[in-house]
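Student: I would like a close look at a single part of this model, the place where the two chains meet. Could you take me through that part in one connected account?

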Protein chains: 2
Amino acid sequence: MSHATVIARQAREAYDEAQKALSSLRADAADASRVQALELIRAGLEARQEEIREANRRDVAEATELAEQGRLSRQLVSRLDLFAKAGKWESMLQGVSDVARLPSPLDICRRASRLAEAETGSNARPASGNLDLYQVTCPIGVLLCIFEARPEVIINIASLAIKSGNAAILKGGKESRHTAAVLSSVLASALEKSALPRFLVQTVETRDEIQALLHEEDYIDLVIPRGSNALVKSIQREARMPVMGHADGLCAAYVHDDAVPSITIPTILDAKTDYPSACNAIETLLVNRAHLTSGLWEQLVRALVGAGVKLYLDEALLAAAQKAVGESDALAPVEPEHFDTEFLDLALAARVVDSVDEAIDHINAHGSGHTDIILCAPLGDGNGASHPAAEAFTRSLSSSSVFVNASSRFADGFRYGFGTEVGISTGRTHARGPVGLEGLVIYKYVLRASGDGPQTAGAFNGENARPWAHTALEPRYPTM
Amino acid sequence: MSHATVIARQAREAYDEAQKALSSLRADAADASRVQALELIRAGLEARQEEIREANRRDVAEATELAEQGRLSRQLVSRLDLFAKAGKWESMLQGVSDVARLPSPLDICRRASRLAEAETGSNARPASGNLDLYQVTCPIGVLLCIFEARPEVIINIASLAIKSGNAAILKGGKESRHTAAVLSSVLASALEKSALPRFLVQTVETRDEIQALLHEEDYIDLVIPRGSNALVKSIQREARMPVMGHADGLCAAYVHDDAVPSITIPTILDAKTDYPSACNAIETLLVNRAHLTSGLWEQLVRALVGAGVKLYLDEALLAAAQKAVGESDALAPVEPEHFDTEFLDLALAARVVDSVDEAIDHINAHGSGHTDIILCAPLGDGNGASHPAAEAFTRSLSSSSVFVNASSRFADGFRYGFGTEVGISTGRTHARGPVGLEGLVIYKYVLRASGDGPQTAGAFNGENARPWAHTALEPRYPTM
């Protein structure tokens, strides 16, 4: 048996064991066991802070050397460092407590219905009790989470996996391996002291193991990759199980003909410049032709160029931009491939469109389904006349997030109020957009028959068939 | 561009076009357009009944010839025939109307929250309106549905896809190709007369096309295979997009120590014999040791053998069974592989277990996550004392359906009250168990800002940061 198979199987067994161990507890007591494990993790991190700091120092030193040789980016070195930036370590600890305190996503009855009513016995059929169906939330099973440099992600994801009742196999970047080794040991000791199985969270170290794990579909239920486009794409291609995440974040903003400067200018600036290398920054700007003459485009160009943004423009926008700011290195003609480029930088590709319809077509052709925004006239409270272009934009597009008059930067689990996120999904099944705890659970059906008569499907066929009820019940977790 | 790419791209374009065409309509009017398309399909089927009958006759004749040569099963021939069994054709027509009448699963607001409250302007920040987030249901996109002989499945799945707003590419078995060709032409003509795009539903004919389509992950969002274990497994292996369905239906029944004959005997009989080749028939029986002496096992053996079931038994059960019915061809020693076998026939593998815990371990090791049932003492109304073994069984197991004192045959979309089903999923993400319309939709987030001030993420950072509200709103579909 390969090492990957051993790890995957251990994860599945730990998951099954955890399910059994907690099955005699009520939902709140089961959650309390998971919270206790998280508290032990936090305590372990605090107790071994110096050891973690020392390991992290080694990772940073090795990465710095590589960066000096030009073999690693400076940015990556800074992301590796758990202690350089004030508050980073503390906020990792706080994150564990925050996740612990979130409401449990498990053992929730989402819907219930009575399939058939109880019957007293008759010549046609023996007596039978009620037949009630419950859809209740449960963990997915075993998660494989793959990410890059930042070592605190190990703790974030372990916390989310534990809180949601899943087992997890974690693989961080090789640059953080010393830190990851200590963090992994903290996780293992905490789990050993807890009521949960030791192997509920495991870490693996090499790329080869990942390759093999992606084929362990009998044991692993979901892969969650976070990192570069290339990493995510290769995982999507290799994995034999569902993959949740996003390779591209090609977000677009469309400026409708009635957009106003008071909303449009600050919102576009925020969407592009607040954090240009984020996946939820905009990369494409679609400008309604009306703004070639409304003055808004010129204002926008001044603001963007003033903020250091390089603009790749079609002919019409370029001419108008040059009128606004003169000839400038910040202005260049757009090439077709720019509209398929995730710049992750202070750069933006822009073109004129004649209508919201054309903007939608552009986004359908080039977008990545992450977040797309429309800027238009100010909206009221939603009870008055509707805005047809905003309606068309939000209803037509299938992106995981579509915004009206708000920056694309809001597409984030914390900002959406989920407490934290495991990542952002641009897939079209299971969970989309920022994915919090809710995206780490699924449901099962529990069918409960009462009474001392039989419940057979055959009784619902033929002459004197038992009737179906199919009536909704108040959702509540079934007790047996 | 390959033929598969053309088809996949046409499907995606038809999907985008449908989204745009319906985006100016309110939810109920959009649903009415879909219902109209379904009515046109039903009318088309009725109008061309003779043509369909003739094509079906050719398929049946060709298949009969193959069956006579022993190259096709008789069972398959009978599944091919749309007209032999009374009511089959009518129930296909009725199915279209039933799906049309189901409540629309689209444009439903599942939850809403206020991310931030409106603010009047201040020195720190300009005025801004409310920032409200809505999670609303939407179609998945493009479905690829692959199934085997039964030609009516084309119509069933086309109806479900249209009602749920998806585009679909359908591939039936080659044995039904003449019938499929006419049905496909009916679908195309109906769509042409409707407000929906012509290519919203397409059919493909050859295996080669499927192979290529499974790699069109840019255009196809979900694959739904229905058919033999081998078909489903090969698709799961090849597909670059999520796959929803099940390869195995290895369902187990556990008979707890306090199980009573009045429930157990008819329920087990129904679960095994009502339709032995169905995926929700039981294949494994786990009998608590108590029943070696309680008399229940002997009763059960008599009933099963009397119903023609072949039993593969461990030593203890075999000895007790022989006491009940004497030496019999219906009794044989169980081999380890029987517990991993989906008999799809009147056969059952059984062993003794000492506890519910051991039953759970067996199911975790051998089950396929389809449907597993426990038989135990009669349950009350759920408000009295709880039954620990039934609690452990339903909470521990992660099968998509877990039943107490009810036949596994209830695991079915119609019986669950979903109207119809696209299939049964044993996956652990997106949708599980019998999948109805609800499993063909997903959600997107719509963020709506009101007021004439900007909504920037940057305003929530630093000194004088704007506060998050993160309060729940009454869910309602947002109007712009």
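Tutor: A salt bridge, as the term is used here, is a side-chain nitrogen of Lys or Arg within 4 Å of a carboxyl oxygen of Asp or Glu, and that cut-off is needed for the pair with which this account begins. The model is a predicted one, and in it the side chains of B:D361 and A:K20 meet in such a salt bridge, with 2.5 Å from N to O. Side chains of opposite charge can pair when their charged atoms come close.

Across the interface of chain A and chain B the rule finds ten salt bridges, together with 59 residue pairs in polar contact, both residues being at pLDDT 80 or more. On the side of chain A that touches chain B, strand β16 (residues 441-449) of chain A gives the largest share, eight residues, and by class that side is made up of 41 nonpolar, 32 polar and 26 charged residues.

Turning to the extent of the interface, 99 residues of chain A are in contact with 100 residues of chain B, and the two chains bury about 8,200 Å² between them, of which 51% is on carbon and sulfur atoms. Within the area that chain A buries against chain B, A:R395, A:R428 and A:M480 supply 10%, more than any other three residues.

As for annotation, an unreviewed UniProt entry places the feature "coiled-coil region" at residues 8-58 of chain A; in the model, the chain over residues 8-58 of chain A is 90% helix and 0% strand, and its end C-alpha atoms are 30 Å apart. The UniProt annotation "domain: Aldehyde dehydrogenase", also from an unreviewed entry, covers residues 8-290 of chain A, a span that is 48% helix and 17% strand, with its end C-alpha atoms 58 Å apart.

Notes
Residues numbered from 1 in each chain as written. Chains lettered and ligands numbered in written order. Predicted model: local features only at pLDDT ≥ 70, side-chain atom pairs only at ≥ 80, totals over all residues. Heavy atoms only, no water. UniProt positions renumbered as here; feature names shortened; annotations may be inferred. Helix = DSSP H or I, 4+ residues; strand = E, 2+ residues; numbered from the N terminus. Contact = heavy atoms within 4.5 Å. Buried area = accessible area lost by both parts, 1.4 Å probe. Polar contact = N/O pair within 3.5 Å; in protein donor to acceptor, adjacent residues only side chain to side chain. Nonpolar A, V, L, I, M, F, W, Y, C, P; charged D, E, K, R; others polar.
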